[in-house]
Amino acid sequence: MTFTAPITLPGLALDPQWYRRAVFYEVMVRSFYDSNGDGSGDIAGLISKLDYLQWLGIDALWIPPFFNSPLRDGGYDVSDFTSVLPEFGTLEEFTELVTKAHERNMRVLIDYPLNHTSDQHDWFQQSRSDPDGPYGDYYVWSDTDERYPNVRIIFVDSEESNWAFDPVRRQFYFHRFFSHQPDLNFENPAVRQAVLDTVSHWMNMGVDGVRLDAIPYLFESDDGNGEGEPKTHEFIKGIRAMVDRDFPGRILIAEANQWPQEVVAFFGTDDEPECHMAFNFPVMPRIFYSLRSQHAGELVRVLAETTEVPRGAAWAVFLRNHDELTLEMVSEEYRQAMYGWYAYDPRMRSNVGIRRRLAPLLDNSRAETELAHALLFSLEGSPFLYYGDEIGMGDNIWLPDRDSSRTPMQWTPDRNAGFSTADPGKLFLPVVQSLVYNYNLVNVESQLAQSRSLLHWVRNVIHVRKAHPTFGLGTLRVLKTSHESVLAFVREYAGSETQFGDSAENVLCVFSFAHNPVAVQIEIEGYAGSTTFDLFGGGDFPSVGDDGSITLTLGTQSFYWLHLGDRRP
């Protein structure tokens with residue numbers, strides 16, 4: 001397969017706020033492409049597919065952990081933070097990946113689970129065997145399992161306590177996640193320095209950013225809940241200061257599964273910044289709720305919440321990723337409704353969430369898939385795509401834990417979906433062979449040959465978004481509508497925020513979650529008499545009335561992106 005590259009984007013070193021306009025793509029090395037036929041994806045395989053990602057319009061790759069690991073938690077159980085798992089490749093190949101991505105004006109971000117290590121890490125092995133040695137205090141040890149009573153258990157499906165007994169050291173060690181992932185002791189200055197050294201190591205290798213996994217849980221206290229403790233924020237400020245000093249233009253992304261008013265703390269302040277970006281978790285389940293309930297109220301409420309963020313900070317928004325679709329920040333009534341709509345089989349559930357891919361969640365509905373993506377790409381913040389969602393890949397709920405949505409990328413209708421030349425029995429996970437999502441039907445090659453395929457549609461939306469800086473740099477203002485199924489907001493950008501001198505632009509975004517056509521009146525304060533036209537085809541739409549309202553008709557589960565103002569010549 002060959003691809004024609006899109007127009008070259010601005011050089012990598014020119015725009016310090018590149019992340020605010022970027023489209024990100026989460027790609028799991030193990031799942032993307034196998035270059036050597038051993039049944040597992042690798043870095044060389046990812047390099048060979050960079051042309052595809054450039055053609056799609058991707059600006060930055062987010063690569064989940066590829067470090068040495070026993071792989072008991074998809075690589076998030078790290079046994080060496082500075083090396084590459086041999087089955088994935090070598091440090092030299094990773095350096096080549098960064099170089100080749102930069103040649104295509106794409107950036108590379110890595111995932112750093114800094115809160116904990118694998119119990120196979122040399123630090124832990126030495127800590128348990130030699131309590132008085134240099135690594136004896138690298139982890140949180142206790143003679144009792146009753147400390148930190150206010151700290152909740154995250155993996156309620158598999159863990160009964162945040163403490164596990166170690167028979168070698170004869171003490172309990174603390175773990176926020178799986179018991180084979182002991183938490184590091186951030187009270188120890190040596191641990192904090194090791195984290196700084198790890199970030200420096202990979203940035204010296206050329207990576208453009210680091211996603212700080214499970215960032216709220218670094219420090220614990222007897223009276224606190226172990227989430228976003230003051231010492232945690234102080235330490236993150238130290239990481240940011242080092243990055244700004246030694247690696248200008250690189251970014252830190254916070255993964256904090258909390259409410260926006262809590263997550264915003266991980267941005268820091270203008271004077272004491274922390275992370276450049278943070279994931280906006282509460283928006284995601286409410287998108288799915290709106291699609292089934294046909295009611296936009298909860299989504300309107302969350303988007304209307306105003307959270308002051310430092311200058312240059314950016315939200316990261318997404319529909320799906322490698323984890324379950326979390327339902328932690330919804331009510332019990334809301335959660336049960338979501339389970340009934342999207343996870344009617346108990347195998348589809350994991351922890352307090354749903355372990356399914358985007359297409360099966362939406363029952364393979366093209367209308368809902370387009371609506372969800374159009375909303376994602378117009379929200380305030382930078383969109384993150386999950387590999388395979390651009391072609392509507394399915395999942396396999398018969399696989400354990402979160403492997404159901406981590407199956408091999410489907411490239412062709414050939415054996416192993418073109419992912420690997422290995423014997424099918426050697427694949428690290430089987431390719432999807434279900435009736436609707438079989439790789440014979442759902443794959444990159446076949447969708448490239450269809451001009452109206454989902455793949456071409458997603459690519460088009462990406463490029464339309466990138467042509468309008470208001471989506472990356474503008475503000476979002478939720479508007480009042482006359483229909484409970486319709487969400488409307490205006491993206492407003494005054495222009496000239498970057499050195500590229502972007503002109504001002506305002507865009508009206510309207511989304512109907514109704515399962516039938518609707519007419520809606522939208523109040524747009526400040527735009528009385530403004531003309532409108534469609535960003536995709538350029539067609540003229542009704543002007544805003546003198547009373548500041550506009551009436552639109554939308555088809556079933558459809559949307560509009562309308563330019564507001566006098567039409568450009």
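**Helix packing, ring pairs and a few loop residues**

Arg-366, Thr-369, Glu-370, His-373, Ala-374 and Phe-377 of helix 13 touch Leu-454, Trp-457, Val-461, Ile-462 and Arg-465 of helix 15, where contact means heavy atoms within 4.5 Å. Sorted by class, this contact has six nonpolar, two polar and three charged residues; Ala, Val, Leu, Ile, Met, Phe, Trp, Tyr, Cys and Pro count as nonpolar, Asp, Glu, Lys and Arg as charged, and the others, Gly among them, as polar. The model is a predicted one, with pLDDT of at least 70 needed for local features and 80 or more for side-chain atom pairs, while totals for chains, interfaces and linings use all residues. Numbering runs from 1 along each chain as its sequence is written, and side-chain values use heavy atoms, leaving out hydrogens and water.

As for geometry, helix 13 (residues 366-378) and helix 15 (residues 454-466) pack at about 20°, with axes 11 Å apart. Helices (H or I, at least four residues) and strands (E, at least two) are DSSP runs numbered from the N terminus; axes are lines fitted to C-alpha atoms, for helices over the stretch in contact, and angles run from 0 to 180 degrees between N-to-C directions. Helix 13 and helix 15 are therefore roughly parallel, the label for angles under 35 degrees.

Turning to aromatic rings, the count comes to 51 pairs, a pair being rings of Phe, Tyr and Trp (its six-membered ring) with centres within 6.5 Å. In one of them, the rings of Phe-541 and Tyr-560 have centres 4.9 Å apart and planes at 70°, so the pair is edge-to-face (over 60 degrees; under 30 is stacked and the rest tilted). This pair links distant parts of the chain, with Phe-541 in strand 23 (residues 540-541) and Tyr-560 in strand 25 (residues 559-564), 19 residues apart. Phe-541 is partly exposed at 25% relative accessibility, whereas Tyr-560 is buried at 19%; buried means under 20% relative accessible area, exposed over 50% and partly exposed in between (1.4 Å probe, protein chains only). Elsewhere, ring pairs join Phe-66, Phe-67, Phe-81, Phe-94, Tyr-112, Trp-123, Tyr-135, Tyr-138 and Trp-202 into a cluster.

Most residues other than glycine have a negative phi. Asp-401, however, has a positive phi near 50°, and Asn-416 has one near 60°. Asp-401 sits in the loop between strand 16 (382-386) and helix 14 (444-448), and Asn-416 lies in the loop between strand 16 and helix 14. Asp-401 is partly exposed at 35%, while Asn-416 is buried at 3%.

Notes: Parallel < 35°, antiparallel > 145°, perpendicular 65-115°, else oblique.
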